[in-house]
Amino acid sequence: MTKKRLGVGFIGGGFIGKFHIRSWIGVRDADILGIVDKNKKTAQEAIALIDKLRVGKATHYESITDMVIDPAIDAIWICAPNFTRLEIMEEIVDAVGSGKGELIGVACEKPLGRNVAEAEKMLALAQKAGFLDGYLENQVFSPAVVRGKEILWTRGAATTGRPYLARAAEEHSGPHLPWFWEGTLQGGGVLNDMMCHSVEEARFMLTPPGAKREVITPVKITAYTNCLKWQQPHYAKILAENSGGKTDYLNRPAEDFARSLIEYRGEKGERLIIETTTSWCYVGAGLRLSLELLGPEYALQINTLDAGLKVFFSREVKGSQGEDLVEKQNAEVGLMPVVSNEEIEYGYTAENRHMIKSFLENKRPEENFSDGVNVAELLMAAYMSAEQEKTIAFPPPKLKSFIPAVAKGEWNPAKK
Ligand SMILES: NC(=O)c1ccc[n+]([C@@H]2O[C@H](COP(=O)([O-])OP(=O)(O)OC[C@H]3O[C@@H](n4cnc5c(N)ncnc54)[C@H](O)[C@@H]3O)[C@@H](O)[C@H]2O)c1
């Protein structure tokens with residue numbers, strides 16, 4: 001490996017694509033040199049942002065194949081919607097397989113697939129093509145999560161015993177675009193969209209530093225889902241209006257609340273618990289990510305809305321709605337928390353640094369497609385548990401072929 005610097009191409013320059021671009025000011029040894037986005041305006045916005053932040057000089061390519069075969073591009077970041085994962089990965093792998101393109105690695109946003117079969121196909125395609133694979137789960141790179149884990153394990157766990165309970169919650173007031181709300185397109189509701197973060201960061205916290213994820217093993221899972229807010233006629237109407245009539249939460253809702261309790265066995269057979277709660281019906285200041293890790297003589301807690309910076313605006317301050325204070329912001333007046341650098345706090349900067357460093361050193365990233373498959377397995381087992389209203393031994397039979405009712409457009413708690 002002689003490369004000292006990577007050229008990176010983005011597929012998807014929307015919401016998360018722009019988060020990654022903003023994070024790039026803290027990423028070394030790589031430039032963003034390409035964008036493919038179905039929407040030309042979005043592609044141009046992303047290119048303008050790359051220019052403004054001086055994190056590369058991006059070309060807009062008409063197709064994924066055109067971008068992959070350009071020798072300037074060494075790695076791809078997949079930041080397009082969930083329902084496009086497989087077709088995108090297939091095109092990348094075909095372009096590499098035809099001998100026209102060469103890639104060192106591909107990094108893919110969460111979730112790796114909408115179900116286990118899709119996630120496994122993503123992994124198999126990466127292995128077939130022979131490039132390195134990174135799974136973009138930002139939260140396991142968040143500085144508070146990483147530093148908190150280090151401190152608790154080296155001080156607390158080393159002297160009084162390993163942690164046994166991790167609690168993670170991801171909550172906001174609902175996704176920004178209609179496709180997220182459609183179970184068939186997204187793969188589910190909030191369970192698929194946000195519990196992918198919770199189960200993985202909680203698993204990360206309970207895994208001893210430096211150990212492989214296999215040292216702790218999930219043995220059973222109990223989950224619950226419901227649609228608490230967005231199936232109410234007033235709110236269902238808002239979703240329908242926002243989607244030109246397509247999103248129909250009266251008849252085809254997705255869950256806006258989901259929780260799970262996963263029992264693991266530790267390296268010495270200890271009983272460990274992961275508790276997660278996720279919702280699209282939390283109306284606080286904005287996105288709230290919280291995490292707790294508990295052991296015999298210690299505890300850790302993180303809440304992203306307990307930000308160091310708070311601002312106050314009286315009712316005389318009038319302005320337009322925005323997300324300039326915090327992601328998924330719900331208000332512009334009163335006492336407001338501000339996450340002063342969301343790209344760093346949520347883990348995107350460290351995540352991208354890690355992916356680039358791994359690719360340059362020709363090493364598989366620590367968070368990779370195998371982790372993405374494991375996350376999909378846990379989420380699908382959670383859907384099984386919620387549908388059957390019982391605890392499921394893990395791994396359950398038929399997990400690989402399981403598609404949740406919500407992903408088939410067949411789930412409706414109002415009809416129970
Ligand atoms: N890590 C996180 O916390 C986080 C946060 C938000 C989104 N995401 C993930 O990122 C992905 C994208 O989400 P988003 O919020 O940016 O969505 P988005 O809809 O805002 O952006 C997606 C972009 O992809 C483009 N696109 C659609 N189909 C395409 C195709 N076939 N080829 C190329 N471009 C295509 C769209 O035009 C759009 O600009 C999703 O998988 C989502 O789960 C992760």
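What is the order of the 6 strands in the open sheet? In this predicted model, local features need pLDDT of at least 70 and side-chain atom pairs count only at pLDDT 80 or more, while totals for chains, interfaces and linings use all residues. Residues are numbered from 1 along each chain as its sequence is written.

The strands of the open sheet follow the order β3-β2-β1-β4-β5-β6, with parallel pairing. Here helices (H or I, at least four residues) and strands (E, at least two) are DSSP runs, numbered from the N terminus, and two strands are said to pair if DSSP finds at least two bridges between them. Strands of a sheet pair through backbone hydrogen bonds, either parallel or antiparallel. The edges of this sheet are formed by β3 (56-60) and β6 (132-136), each of which pairs on one side only. On average, and with direction ignored, neighbouring strands of the sheet are turned by 20 degrees against each other; axes are lines fitted to C-alpha atoms, for helices over the stretch in contact, and angles run from 0 to 180 degrees between N-to-C directions.

Within the sheet, strand β1 (residues 6-11) pairs with strand β4 (residues 75-78) in the parallel sense over 4 bridges, and Val-8 has Ala-75 in β4 as its bridge partner. Strands β2 and β3 also run parallel and are joined by 3 bridges, with Ile-32 standing opposite Gly-56 in β3. Helix α2 (residues 40-53) lies across β1, β2 (30-36) and β3, and runs at about 165 degrees to β3.

The ligand is surrounded by 22 residues, the closest being Gly-12, Gly-14, Phe-15, Ile-16 and Asn-39, where a residue is near a molecule or strand if its C-beta atom, placed from the backbone, lies within 6 Å of it. Helix α1 (residues 15-23) gives the largest share of this shell, 3 residues. By class, the shell holds 9 nonpolar, 9 polar and 4 charged residues; Ala, Val, Leu, Ile, Met, Phe, Trp, Tyr, Cys and Pro count as nonpolar, Asp, Glu, Lys and Arg as charged, and the others, Gly among them, as polar.

The protein chain is assigned domain 1 (6-137 + 349-363) and domain 2 (140-341 + 375-415), with bounds that come from an automatic or database domain assignment. The centres of domain 1 and domain 2, taken over C-alpha atoms, are separated by 25 Å. Their contact takes 18 residues from domain 1 and 22 residues from domain 2, two residues being in contact if their C-beta atoms, placed from the backbone, lie within 7 Å. On the side of domain 1 that touches domain 2, two or more residues come from each of α5 (116-129) and α12 (348-360), and α5 gives the largest share, 4 residues.

Most residues other than glycine have a negative phi, and most peptide bonds are trans. A cis peptide bond, with omega about -15 degrees, joins Lys-110 and Pro-111, and Pro-111 is found in the loop between β5 (105-109) and α5. The bond from Phe-394 to Pro-395 is also cis, with omega near -5 degrees, and Pro-395 lies in the segment after β15 (392-393). Lys-328, although not a glycine, has a positive phi of about 60 degrees.
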